Amino acid sequence: MPVYSREDDILATKIVSFFPQNKDVSTHHAVILVFCAHTGIPKALLDGDVITAKRTAATSAVATKYLVNGKPDVLALLGSGVQARSHVAALCELFTFKEIRIWNHRFDGAVKLAKEIGLNCAACRDVSEAVKNADVIVTVTSAKDPVLRLDWVKPGAHINAVGACRPDWSEIDADLMKSAVVYVDSREGAIKESGDIILSQAEIYAEIGEVILGTREAMRKKTTVFKSLGMAIEDGIAAKLVINKLGIQ
Ligand SMILES: NC(=O)C1=CN([C@@H]2O[C@H](COP(=O)(O)OP(=O)(O)OC[C@H]3O[C@@H](n4cnc5c(N)ncnc54)[C@H](O)[C@@H]3O)[C@@H](O)[C@H]2O)C=CC1
Ligand SMILES: O=C(O)C1=NCCCC1
């Protein structure tokens with residue numbers, strides 16, 4: 001995932017591996033190589049795992065801040081891996097949830113994460129149970145087929161759809177995609193790479209950046225989906241923050 005931004009003085013690239021069969025180690029691994037944007041000289045080689053976890057969750061948290069309908073009480077997570085953990089951390093920086101519910105296709109994963117999070121958190125055996133009346137839903141699975149259905153979702157809920165980053169994979173059923181107001185990180189990326197968009201033929205209402213800039217509306221009262229695929233600029237900006245903090249010129 002290469003990025004060049006003259007404005008931000010960033011020239012970098014991230015390489016990510018995905019080994020879905022991994023059990024005792026993470027399924028995604030990444031490195032970020034940063035160059036001087038003026039000379040092309042390599043500056044730093046950074047671990048990309050933590051940056052990927054944190055910047056993805058931070059992006060969802062920003063989307064939630066703009067799209068959530070009022071003060072959210074209930075958070076539901078579908079998936080209990082790396083992104084589930086970073087999403088709980090980022091969302092709890094912005095919101096105080098009364099209840100957090102976790103579903104995972106392997107129940108023990110949901111139980112483990114619920115214990116880590118603590119008192120206000122419960123593991124659920126069914127997706128419908130996990131998302132019932134949830135204000136914010138995060139889908140962070142490696143599912144290839146939909147796990148979240150329209151009938152189970154409270155009207156007006158906000159969904160961060162983070163998994164299914166391939167054109168033939170989807171986490172959200174087509175009826176839900178088509179009935180929601182859909183926001184994406186990048187239109188160009190979404191129409192090429194997101195199965196949730198491509199297979200459902202859902203209309204993209206806006207990029208989340210357009211909402212932040214005030215050029216497109218945040219439809220807070222409607223059911224909203226933020227379809228995230230991840231962008232190289234997120235890695236570049238995060239890498240720059242790390243490099244600046246370390247004092248690397
Ligand atoms: N939008 C973005 O910027 C990014 C998206 N991702 C995507 O987010 C998703 C989660 O990533 P990580 O948490 O790092 O992965 P992970 O491997 O740590 O967690 C994946 C979760 O999905 C569950 N799972 C596996 N197979 C499943 C299936 N067939 N049905 C339902 N659940 C299943 C696992 O039990 C686990 O809880 C992946 O799809 C990944 O590719 C990852 C990084 C960035
Ligand atoms: O880093 C990202 O962005 C990724 N997006 C899709 C899944 C793999 C990592």
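Predicted model: local features only at pLDDT ≥ 70, side-chain atom pairs only at ≥ 80, totals over all residues.
Close-up 1. On the nitrogen side, a polar backbone atom of V162 is found 3.2 Å from a nitrogen atom of ligand 1. Of the 850 Å² that ligand 1 exposes when it is taken alone, the protein buries 82%.

**Close-up 2. The shell of residues around ligand 1.** Ligand 1 is surrounded by 23 residues, and the closest of these are T27, H28, Q83, N104 and T141. When the residues of this shell are sorted by class, 7 are nonpolar, 15 are polar and 1 is charged. Helix 1 gives the most to the shell around ligand 1, contributing 3 residues.

Close-up 3. A polar side-chain atom of K14 lies 2.6 Å from an oxygen atom of ligand 2, while a polar side-chain atom of R55 lies 2.8 Å from an oxygen atom of ligand 2. L229 takes part through its backbone, where an N or O atom lies 3.0 Å from a nitrogen atom of ligand 2. On its own, ligand 2 has 270 Å² of accessible area, and the protein covers 78% of this.

**Close-up 4. The crossing of helix 1 and helix 9.** Two packed helices are described by the angle between their axes and by the distance between those axes. Here the axes of helix 1 (residues 49-67) and helix 9 (residues 232-246) come within 10 Å and cross at roughly 115°, and the crossing in which helix 1 passes helix 9 is right-handed. Helix 1 makes the contact with I51, T52, R55 and T59, and helix 9 makes it with E234, D235, A238, A239 and V242. Sorted by class, the residues of this contact are 4 nonpolar, 2 polar and 3 charged.

Methods
Residues numbered from 1 in each chain as written. Chains lettered and ligands numbered in written order. Heavy atoms only, no water. Axes fitted to C-alpha atoms, helices over the stretch in contact; angles between N-to-C directions. Helix = DSSP H or I, 4+ residues; strand = E, 2+ residues; numbered from the N terminus. Left-handed = near helix turned anticlockwise from the far one by under 90°. Contact = heavy atoms within 4.5 Å. Nonpolar A, V, L, I, M, F, W, Y, C, P; charged D, E, K, R; others polar. Polar contact = N/O pair within 3.5 Å; in protein donor to acceptor, adjacent residues only side chain to side chain. Areas by Shrake-Rupley, 256 points an atom, 1.4 Å probe, with all protein chains shown as cover. Near = heavy atom within 4 Å.
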